[in-house]
Amino acid sequence: MAREHREWLGREDIRPVPVPSGPLRGAARCILSEDDQTGAMTALVEAAGGWSGAPGALAGLVELFVVRGELELGGAALGRLGYAELADGAEVTASAPSAVLLMVDPARADDAPSETLVVEGEGLPWEKELHGAPAGVGVKVIRSGTDGEPVTLLVGNVPRYDSGPEFHECPEEIFVLEGDVGNETVSVRAGDYLWRPAYITHGPYRSETGLLVFLRGHGELTAYWIDNPNATVEQNRAYAARLRAGR
């Protein structure tokens, strides 16, 4: 089945539970989505100040994104919006009460760096017109997604922003960091999460106060803007194929 479609998982349903053993012992974890075929997963992990563990000992490529708080990795501090790819066996300390997105992919174990890679999200430049983003949307590129790795981004939009219906040709996952977005049937706030399969139509949406999200595209991530908010997966596949064929 791969990962289950979650549209959306509300923050009130995300309840980390204590981890009794292993590399995350003493922290609390809630699995947000998991691939039942490959074992790849995304989890929210919460740790008290002073907690230490070795998430780099988990099997596979291990990535962290700091939602709040501050971590110490090999003597380097990583604050809010910071990202890291952990070397095998890497240890992490929470310098303050912290919450992180933990992403583990056993199939990408060979991609683990020999030394922990750190990216400070706050310092990255805002860019426009990337991955089909229209005016009013800015993008910070954490990882570009070359060589088949996921596209990893921070994406924000201005207040009172309206978006039309769209779809992507790859699965996407989003964790909301700040702001709001919604329509007549859904209202999303900070702490909410989704995993959306490829070709699913979503939108239109409106954001009253602005929005900042952590976004991953598991494949070639491009926003295809369409007119029909009820377009099916089959219709979207056909539309994308026509565009690629130049028709």
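1. With 247 residues, a compact globule would come out near 18 Å in radius of gyration, and the protein has 18 Å, so the two agree. That radius is taken over C-alpha atoms, and the globule rule is 2.2 Å times the number of residues to the power 0.38. The C-alpha trace spans about 55 × 35 × 35 Å along its principal axes.

2. A word on the source: this is a predicted model, where local features need pLDDT of at least 70 and side-chain atom pairs count only at pLDDT 80 or more, while totals for chains, interfaces and linings use all residues. Residues are numbered from 1 along each chain as its sequence is written, and side-chain values use heavy atoms, with hydrogens and water left out.

3. On secondary structure, you get 1 helix and 22 strands (DSSP runs numbered from the N terminus: helices are H or I with at least four residues, strands are E with at least two). Among contacts with a separation of 6 or more, 69% come from residues 24 or more positions apart (contact means heavy atoms within 4.5 Å).

4. As for burial, 48% of the 247 residues count as buried (under 20% relative accessible area; exposed is over 50%, partly exposed in between, with a 1.4 Å probe and protein chains only). The protein exposes about 11,800 Å², and carbon and sulfur atoms supply 49% of that (Shrake-Rupley method, 1.4 Å probe).

5. Searching the whole structure turns up 4 aromatic pairs (rings of Phe, Tyr and Trp, the last by its six-membered ring, with centres within 6.5 Å; planes under 30 degrees apart are stacked, over 60 edge-to-face, the rest tilted). Phe65 and Phe214 make a tilted pair, 4.5 Å centre to centre with 35° between the planes. This pair links distant parts of the chain: Phe65 sits in strand β6 (residues 61-68) and Phe214 in strand β21 (residues 211-217), 149 residues apart. Both Phe65 and Phe214 are buried. Elsewhere on the aromatic list, Phe167, Tyr199, Tyr224 and Tyr239 form one cluster.

6. You'll find Asn183 in the loop between β17 (172-182) and β18 (187-189), and it counts as partly exposed because its relative accessibility is 29%. Setting aside neighbours within four places in sequence, Asn183 touches Pro204 and Tyr205. Its side chain reaches the backbone oxygen of Pro204 at 3.2 Å and the backbone nitrogen of Thr185 at 2.9 Å.

Key. Polar contact = N/O pair within 3.5 Å; in protein donor to acceptor, adjacent residues only side chain to side chain.
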